[in-house]
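Trainee: Please take me closely through the part where the two chains meet. Give me the setting on each side as well, and tell me where to read with care.

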Amino acid sequence: MKSSGASRTPVTYRAALAPYSVWSVLFVLVPLIFVAFYAFTDNDFAFTTENITRFFTAKSNIVGEDGSTTEVRTYVLIFMRSLKLAVISTLVCLFMGYPMAYIMARAKEKTQKTMMTLIMIPMWMNFLIRTYAWMTILQDTGIINGLLGKIGLGPLHVIGTETAVILGMVYDYFPYMVLPIYSILAKMDLKLLEAARDLGCGSLSVLRRVILPLSMPGVISGVTMVLIPSISTFYISQKLGNGKFFLIGDAIEGQYIANNLHFAAAIAFILMVILLAAMALLKYVTARFVYGGD
Amino acid sequence: MEKIIELKNISKAFDGEVVLDNMSLDIHDNEFITLLGPSGCGKTTTLRIIGGFESPDSGDVYFMGERINDIPPHKRHVNTVFQRYALFPHLNVFDNVAFGLKERRVPKQEIKEKVERMLKMVMLSGFADRRVTSLSGGQQQRVAIARALVNEPKILLLDEPLGALDLKLRKDMQQELKKIQKNTGITFIFVTHDQEEALSMSDTIVVMSEGKIQQIGSPTDIYNEPVNAFVADFIGESNIIDGVMLADYRVRFGGHVFDCLDTGFGENEPVDVVIRPEDVDIVAPEKGMICGNVTSVTFMGVHNEAIVDVGGFKWMIQTTDPVEEGAHIGITLEPDAIHIMKKSKYSGMFGDYSSYSNELEELSNSEEEAEA
């Protein structure tokens, strides 16, 4: 909508908007200000950048399997590990979710509804309970290994590995990838696909030159909605990773529990800045290279 | 002229509903041909079969003598201007027009030249970098035409391309399209439900109804010599009156025997008589061949449109002379104002203006557009 100047906005419109404005200020803006405030202050609420520098400089030693020790930057390492797992699960969600969204969007209406319900049903359950369920499924003595044992295979050691953490993330966040892509594909004008075929495109070409670029907004919001919660998750890694994969979310939680609010806020703040920058870059790149023509 | 498209015994049904019923049609090279009919007559389906977006249930499609039933759209030498343009919203004007050329891996420099030439032809030079979503309807229309024509197709299919434009713009685009067709020499197959549009643009008109071709001919043929009541009513306004052909050149209707120019009917054969509203002369009652009472008069700008009750049958008469509601008038008809048609299944369905009202006509027209 074009901004027509606040003075011309009808009073009723502004009145209707008021509760949401209050909500946004109270529960989005104010907490963000608090996070920033805590990140840049010490325990006496005096200004400091120490919390920020600590994130980048804190070091610790890791004992390798052969007994040798390596010195690493603790939080940078944790962040990179979180990023890696989050990116992998986002990619898995994308490559599984896009075809599914496409098939769904082109299916008969009844099939679409059924598929939608099947995707939604797990979301009706609390996400902690779902994660617990995966724990029992993946355990060395769990259902999968039980079945594998019966046919003389396994046991497969999954719990406590990166695979288990990624599996948990993909399972929990998959719907957030499928739904935005689906909603874009479902309302795509089919005449555009006919126009592309009319202008000489085979099926692959139609996909590459029309469907993919036009569904980019869905892909971007899907990626955003999967990447951000998976990069900051702490519960999944604790339960399915047996606590072996300390992620950035775990770090924030740990500092918070240790009553180290200022450093927890600093980690959260840095994470936020990095994510915002990444999203801005993603938007810019797609606008420039997907929408700006070939 | 060489045949470029031949449709042979094409039938097509959707969900058991017959849309095309054993239809055959030859389309010649370099021709501006219009498929004209009300919505649901099968004209768009015919176009989609030629474009390759539908395949006929039975019958064959030939392109320059070669059967193309199984050739997918992207391999046909045919391009389409879609009803609502279907421009790619993620591409600017240049890239929309260049879309087909890029697909064929035409060298960049050549693409640039061709696209620029095409944009110039549709009077959109300087719009290359604009987003298509920022263009007006008429401009989008031109981009759609340029996007199709730049590929130098043998045939251009146009599916009600002017339907979404306002009247003034529509008239301009009609002229423009006709000019482009003349200059490029590409066969245009144009689909419309607007008979005026069809008359003013086409070399050949194909009038369709209920999945069948009713008549093929030049605009003047179709207007002056409609073959049945459907065509007479659909193309322009017509009074269609029951008559009896007494002998060659002699027809009786409205209780009077008229001279006419038609021959070849059986003696005393019942026929449909078509009188165009503008061909009727109003005279004093005592001088009239038949008489009637004016029941309503509408001022239309250039002429008056009068509804006249002649023995219970209501005629529409268009005249530049003043007429008054309630007046008793005489009517005379020159022999060349009378056109005789054989009886058909459409006889008696059209051509009586008893229930006529401009408002209703407009209502049904806009409904048709909404459907389309």
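Mentor: Start with chain A, which holds 12 helices and 2 strands. Along the sequence the pattern of chain A is α-α-β-β-α-α-α-α-α-α-α-α-α-α. Its C-alpha atoms fill a box of roughly 70 × 65 × 40 Å, taken along the principal axes.

This is a predicted model, so confidence comes before detail. The overall scores are ipTM 0.81 and pTM 0.79. Chain A has a mean pLDDT of 87, with 95% of its residues at 70 or more. Among the elements of chain A, helix 8 has the highest mean pLDDT, 94. Strand 1 of chain A (residues 59-63) has the lowest, 80. Residues 1-5 of chain A fall below 50. Beyond near neighbours in sequence, that stretch has 1 contact in the model.

Now the meeting of the chains. Chain A brings 20 residues to the contact, and chain B brings 22 residues. Between them they bury about 2,000 Å². Carbon and sulfur atoms give 58% of that area. Three residues stand out on the chain A side: Asp198(A), Leu199(A) and Arg209(A). They supply 35% of the area that chain A buries against chain B, more than any other three residues.

Next, the polar side of the contact. There are 8 residue pairs in polar contact between chain A and chain B, counting pairs with both residues at pLDDT 80 or more. The count of salt bridges between the chains is 2. One of them joins the side chains of Glu194(A) and Arg48(B), at 2.7 Å from N to O.

Which elements of chain A carry this? Two of them give two or more residues to the side that touches chain B: helix 8 (190-198) and helix 9 (203-232) of chain A. Helix 8 of chain A gives the most, with 7 residues. Recall that helix 8 also has the highest mean pLDDT among the elements of chain A.

Cross over to chain B. Here 4 strands form an open sheet, antiparallel, in the order 2-1-4-5. The edges are strand 2 (17-28) and strand 5 (66-67) of chain B, and each pairs on one side only. Helix 1 of chain B (residues 43-51) packs on this sheet. It touches strand 1 (3-14), strand 2 and strand 4 of chain B. The direction of helix 1 makes about 120 degrees with that of strand 1 of chain B.

Strand 16 pairs with strand 17 (residues 304-310) of chain B over 6 bridges, in the antiparallel sense. Within that pairing, Ser296(B) stands opposite Ile307(B) in strand 17. The two strands form a hairpin with 4 residues between them. Gly301(B), in the turn, has a positive phi of about 100 degrees. Strand 16 of chain B is also joined to strand 19 (residues 328-332) of chain B by 4 bridges, again antiparallel. In strand 19, His328(B) is the bridge partner of Asn293(B).

Two loop residues of chain B deserve a look at their backbone. Most residues other than glycine have a negative phi. Glu152(B) has a positive phi of about 50 degrees, although it is not a glycine. It lies in the loop between helix 4 (137-149) and strand 7 (155-159) of chain B. Glu160(B) has a positive phi too, about 40 degrees, and is not a glycine either. Its loop runs between strand 7 and helix 5 (167-184) of chain B.

Last, where to take care in chain B. Its mean pLDDT is 89, and 95% of its residues reach 70 or more. Strand 3 of chain B (residues 32-36) has the highest mean pLDDT among its elements, 95. Helix 9 of chain B (residues 358-371) has the lowest, 51. Over residues 367-372 of chain B the pLDDT stays under 50. For those residues the model has 7 contacts beyond four places in sequence. Where pLDDT is low, the predicted coordinates should not be read in detail.

Key: Residues are numbered from 1 along each chain as its sequence is written. Chains are lettered from A and ligands numbered from 1 in the order in which they are written. Side-chain values use heavy atoms; hydrogens and water are left out. pLDDT is the predictor's confidence in each residue, from 0 to 100. Contact means heavy atoms within 4.5 Å. Two strands pair if DSSP finds at least two bridges between them. Axes are lines fitted to C-alpha atoms, for helices over the stretch in contact, and angles run from 0 to 180 degrees between N-to-C directions. Buried area is the accessible area (1.4 Å probe) that two parts lose on being put together, summed over both. A salt bridge is a side-chain nitrogen of Lys or Arg within 4 Å of a carboxyl oxygen of Asp or Glu. A polar contact is a pair of N or O atoms within 3.5 Å; within protein, one must be able to donate a hydrogen and the other to accept it, and residues adjacent in sequence count only if both atoms are side-chain atoms.
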